[in-house]
Amino acid sequence: MTKSLALLITARVALAVTPIAKVLELLDDLKKEIQQEGKDETKEYNAYLTWCHNTQEDTQNTIDTGKAKIEDLASFIQQQIALQDKLRSEIEQVSNELSSNEKELADDTKQRKAEHKEFLDAEAAYVKALDELNLAIQVMEKKLGASSEGEDLLQQDAHPSMVKVAERVRHVLEAGVDLTSTQQTTLDTFFAASFEQTGSG
């Protein structure tokens, strides 16, 4: 009887595994597989979300840093522009001063050259006047004589006054005193008279 019962159970179990049961079993397996894939997808999605969040933060930090650098560079550029304008103004000022100094130097140089030429001309005239005066004095001294007889003649003749005048004029010229036009005329007259006496002697 036990053996018969076992055969009966086995037959019923065999009859229970029908196509529907197999489909239900397949669906159950698919369900489990889908649930597992869902878990895996959820895990990957969470990882992706984390990566997106981190990337967004890094990108935002990069953007903020870039904006800060742009502001710093803009401020630096403004400072450089202001400095450039200041230096340009200083350069123009120095250039104007140099131009003015060069003009003043050129004018001063021209004036000094003119003064130097006047000095050379005056010196030449001065030397010539001294030479002529010395010549006149020598001629008069020679005419009047250097002996005692000449001394007596100095006391009697009008020429000694001319000798004294000539010596005084020479001292004036040697002292470097500027002569007026009247004094120069007088001196020229004196020279002319001396030469006339030289010619008559």
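What share of the contacts in the protein chain with a separation of 6 or more is accounted for by residues 24 or more positions apart? Such residues account for 69% of those contacts, where a contact means heavy atoms within 4.5 Å.

The model is predicted, so that local features need pLDDT of at least 70 and side-chain atom pairs count only at pLDDT 80 or more, whereas totals for chains, interfaces and linings use all residues. Residues are numbered from 1 along each chain as its sequence is written, and side-chain values use heavy atoms, with hydrogens and water left out.

**Overall make-up**

The protein chain has five helices and zero strands, with helices (H or I, at least four residues) and strands (E, at least two) taken as DSSP runs numbered from the N terminus. Of its 201 residues, 10% count as buried, a class defined as under 20% relative accessible area, with exposed meaning over 50% and partly exposed in between (1.4 Å probe, protein chains only). The accessible surface comes to about 16600 Å², of which 59% belongs to carbon and sulfur atoms; accessible areas come from the Shrake-Rupley method with a 1.4 Å probe, and for residues only the protein chains shown count as cover.

**Salt bridges**

The structure holds five salt bridges, each being a side-chain nitrogen of Lys or Arg within 4 Å of a carboxyl oxygen of Asp or Glu. Among them are the following.

| Salt bridge | Closest N and O atoms |
|---|---|
| K32 and D28 | 3.6 Å |
| R88 and D85 | 3.0 Å |
| K117 and D121 | 3.1 Å |

K32 and D28 are four residues apart in helix α2, about one helical turn, and K117 and D121 are likewise four residues apart in helix α2, while R88 and D85 lie three residues apart in helix α2.

**Aromatic pair and nonpolar patch**

The count comes to one aromatic pair: Y48 and W51 are stacked, at 6.0 Å centre to centre and 25° between the planes. Rings of Phe, Tyr and Trp (its six-membered ring) pair if their centres lie within 6.5 Å, and planes under 30 degrees apart count as stacked, over 60 as edge-to-face and the rest as tilted. Y48 and W51 are separated by about one helical turn because they are three residues apart in helix α2.

I20, V23, L24, L26, L27, L30 and I34 form a nonpolar patch on the surface, with about 680 Å² of accessible area together. Patches are made of residues with over 30% relative accessible area and no salt bridge, like charges being joined within 9 Å and nonpolar side chains (Val, Leu, Ile, Met, Phe, Trp, Tyr) within 5 Å. V23 is found in helix α2 (residues 19-144) and is partly exposed, with a relative accessible area of 45%.
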